[in-house]
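I opened the model to look up a few packing and backbone details. My notes follow in the order I took them.

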Amino acid sequence: MKNEKNIPLVGNPHVIIIDTTLLCNSKCYFCWRSNKSEHLRTLLQKYENRTVIDFEIFKKIVDDVVQYSGIRDISLCGPMGEPLMNMNFTDLTEYVMSKRHFTTNVINTNGLNIHNHSINRLLNSLTEISVSVDSIDIETYKKIHGVPDLARVIKNIRNIIEYKKKNSCLATIAVRFTENEHNIGQYPAFKHFFTLLGVDRINYTKIHSFAGIHEDLVSSRGVAECVQGRVINFDLHGNMSTCCVNWRPSPRFGNIADKTIAEMWNSSKRTGWWNARNDIEPCKNCGGLGYLPQKTGLHDEA
């Protein structure tokens, strides 16, 4: 693959998101996995032996993207699964950091599987680990996440906080509160609890339609404010896809096995999708802000 760092990328993307697994250990009520069970079964059957990203595919994506000087932010969590269900996850994050190219290397996780990874490796190969908790009330947590494991999540968060206090670590430790119909009014108590626990940051945002999953939240705002024209997205099989909330995930614009990022990103297929997104699935029924709340800090709380 030739060096193409001088080839301009349409729209000057600055972020890359790579999905690393099709597996998950939660049953969140707002997720496509809980609302599109037939689609999930089809994918699990189709990719029975390929439910986590192949390391060689991952390396090929990363090796290509570091050629483009403008892309400095990377996230290893897309719409398909829980990143820490990939038991080789720290191999991926350490490979990213070995490139000495990225300013940020972040994930959002449900926190249930933190204890099955090396805390040292995890906290020193990420610049931020954000845990979606959403409530400190056990019954509310169960309604949102579909599992009764709040105590385990809090224990895992406490453990990484304590480890960071005693050791020099790279990662910022954050928790996420996504306001939805089940946890309205609970944010003050949530913020107080995790402030006392010692997290570095608390991220607050609001639920959106997740690419049409929740029709009552569909609006034109998602398309109007969409930032995916500056975000490169790959699924776990090396396909360039549309965005971080597209669970289908189609359309696809090519595969890293035989195309460079520049070839896929600058292609008429991708630019055509972007220009027509107001009128086509999944964009016209999205209503989501995708990466915007995370990247700009619009909803961050100190």
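Which residues have the most contacts inside the largest nonpolar core? I looked this up in what is a predicted model. The residues are Ile16, Ile18, Ile157 and Phe234, and the core has 83 residues. I then checked which element supplies the largest share of this core, and I found α7, with six residues. For context I noted that nonpolar side chains tend to be buried together in soluble globular proteins.

Next I listed the neighbours of Phe234, leaving out residues up to four places away in sequence. Phe234 touches Ile16, Ile17, Ile18, Asp19, Ile61, Asn239, Met240, Ser241, Ile256, Ile261 and Met264.

**Helix α7 against α8**

I took α7 (150-166) and looked at how it meets α8, which spans residues 187-197. The two axes come within 10 Å and cross at roughly 35°. On the α7 side I recorded Ile154, Ile157, Arg158, Ile161 and Lys165. On the α8 side I recorded Phe193, Phe194 and Leu197. Sorted by type, the residues of this contact are six nonpolar, no polar and two charged.

**Helix α6**

Which residues of α6 are buried? In this helix, residues 138-145, I found Thr140, Tyr141, Ile144 and His145. They lie on the same side of α6, because they cover an arc of only 110° around the axis. I then looked up what they pack against, and found β4 (128-132) and α7. Just after α6 comes Gly146, where I read a positive phi of about 75°.

- Asn12 has phi near 50°. I placed Asn12 in the segment before β1 (15-18). Is Asn12 buried or exposed? Asn12 counts as exposed because its relative accessibility is 55%, and the cut-off for exposed is over 50%.
- Arg100 also has phi near 50°. I placed Arg100 in the loop between α4 (89-98) and β3 (104-109). With a relative accessibility of 78%, Arg100 counts as exposed.

How values were computed. Residues are numbered from 1 along each chain as its sequence is written. This is a predicted model: local features need pLDDT of at least 70, side-chain atom pairs count only at pLDDT 80 or more; totals for chains, interfaces and linings use all residues. Side-chain values use heavy atoms; hydrogens and water are left out. Buried means under 20% relative accessible area, exposed over 50%, partly exposed in between (1.4 Å probe, protein chains only). Helices (H or I, at least four residues) and strands (E, at least two) are DSSP runs, numbered from the N terminus. The arc is that of the directions from the helix axis to the C-beta atoms. Contact means heavy atoms within 4.5 Å. A nonpolar core is a set of buried Ala, Val, Leu, Ile, Met, Phe, Trp, Tyr and Cys residues joined through side-chain atoms within 4.5 Å. Axes are lines fitted to C-alpha atoms, for helices over the stretch in contact, and angles run from 0 to 180 degrees between N-to-C directions. Ala, Val, Leu, Ile, Met, Phe, Trp, Tyr, Cys and Pro count as nonpolar, Asp, Glu, Lys and Arg as charged, and the others, Gly among them, as polar.
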